[in-house]
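Hi,

Here is the structure I said I would pass on.

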Amino acid sequence: MRSTMLGIDIRRGLRQHCFARAFPICATILMGFIQLTAVADPVDTVAEKKVIGTPPGRPYSPGIEFGDTVYVSGQVGYDPTSKTIPEDFAVEVAHCLENVRAVLQGAGLDFVDVVSVQIYLTDIRQFDAVNSVYGTAFKEPYPTRTTVGVASLPLGAHIEITVTARKRFQRSK
């Protein structure tokens, strides 16, 4: 397939250009990129995204449904009743997971639909404590997981969790 832009053969133009002669690898990569972008169908991604939950008055969404995938923004262990982060770490982890579950349920999903989890901890030594509570929410086969130690989190939280989930296909009867 020919890659053309405004009737100009891009590959021929790159080959003839001095940059292409001096840096053939860069030119090959660039030509491949141009060819890929020339044949790709344009997609209106904004129209396909669906916000899950109530946006918090800040420039992000609690969750986004895009096709059959749901992306949940990082949730901390904020207790909506007391409007605080609990002092007990295990309680904070439980609240964090419940906040994640609330966003998932807004898309008709639950922890069984989660395929990937990212956990951010201000004290990586709390890893075992996280696993104790985490194991009550997630069952085998467990989602993939990454745990990262960070310097600080919003609202003075000690843990933040974000997940990616897939919608289950319902078979017709």
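**The helix pair**

The crossing of H5 and H6 is right-handed, a label that applies when the near helix is turned clockwise from the far one by less than a right angle, with anticlockwise being left-handed. Their contact (heavy atoms within 4.5 Å) involves Phe89, Ala90, Val93, Ala94 and Leu97 on the H5 side, and Ala129, Val130, Val133, Tyr134 and Ala137 on the H6 side. Sorted by class, that makes 10 nonpolar residues, no polar and no charged ones. For the classes, Ala, Val, Leu, Ile, Met, Phe, Trp, Tyr, Cys and Pro count as nonpolar, Asp, Glu, Lys and Arg as charged, and the others, Gly among them, as polar. H5 covers residues 89-106 and H6 residues 127-137; their axes come within 9 Å and cross at roughly 35°. Axes here are lines fitted to C-alpha atoms, for helices over the stretch in contact, and angles run from 0 to 180 degrees between N-to-C directions. Helices (H or I, at least four residues) and strands (E, at least two) are DSSP runs numbered from the N terminus.

Before you read on: this is a predicted model, where local features need pLDDT of at least 70 and side-chain atom pairs count only at pLDDT 80 or more, while totals for chains, interfaces and linings use all residues. Residues are numbered from 1 along each chain as its sequence is written, and side-chain values use heavy atoms, with hydrogens and water left out.

**The sheet**

There are 6 strands in an open sheet, ordered E3-E4-E5-E8-E6-E7, with mixed pairing. Two strands pair if DSSP finds at least two bridges between them. At the edges sit E3 (49-52) and E7 (144-149), each pairing on one side only, and the twist averages 15° from one strand to the next.

E3 and E4 run antiparallel and are joined by 4 bridges, with Ile52 opposite Gly63. E4 (residues 63-66) and E5 are antiparallel too, again with 4 bridges. Across that pair, Ile64 stands opposite Tyr71 and Glu65 opposite Val70. The two strands form a hairpin with 2 residues between them, and Gly67 in the turn has a positive phi of about 65°.

As for the helices, H5 lies across E3, E4, E5, E6 (114-121) and E8 (159-166), at about 30° to E8. H6 packs on the sheet as well, touching E6, E7 and E8, and its direction makes about 145° with that of E6.

**The pocket**

What is the volume of the largest pocket? About 540 Å³, taken as the space filled by probe spheres set on grid points that are joined across faces, edges and corners. A pocket means an open set of points on a 1 Å grid over the protein atoms alone, where a 1.4 Å probe fits, with protein on both sides within 12 Å along at least five of seven lines; lining residues have an atom within 4 Å of a point. Of its 17 lining residues, Pro56, Tyr60, Gly74, Gln75 and Val76 are the closest to the centre. E5 (69-76) and H5 each supply at least two lining residues, and the largest share, 4 residues, comes from E5. By class the lining has 10 nonpolar, 5 polar and 2 charged residues.

Most residues other than glycine have a negative phi, and most peptide bonds are trans. Lys83, in the loop between E5 and H5, has a positive phi of about 60° although it is not a glycine. Glu140 and Pro141 are joined by a cis peptide bond, with omega about -5°; Pro141 is in the loop between H6 and E7.

Cheers
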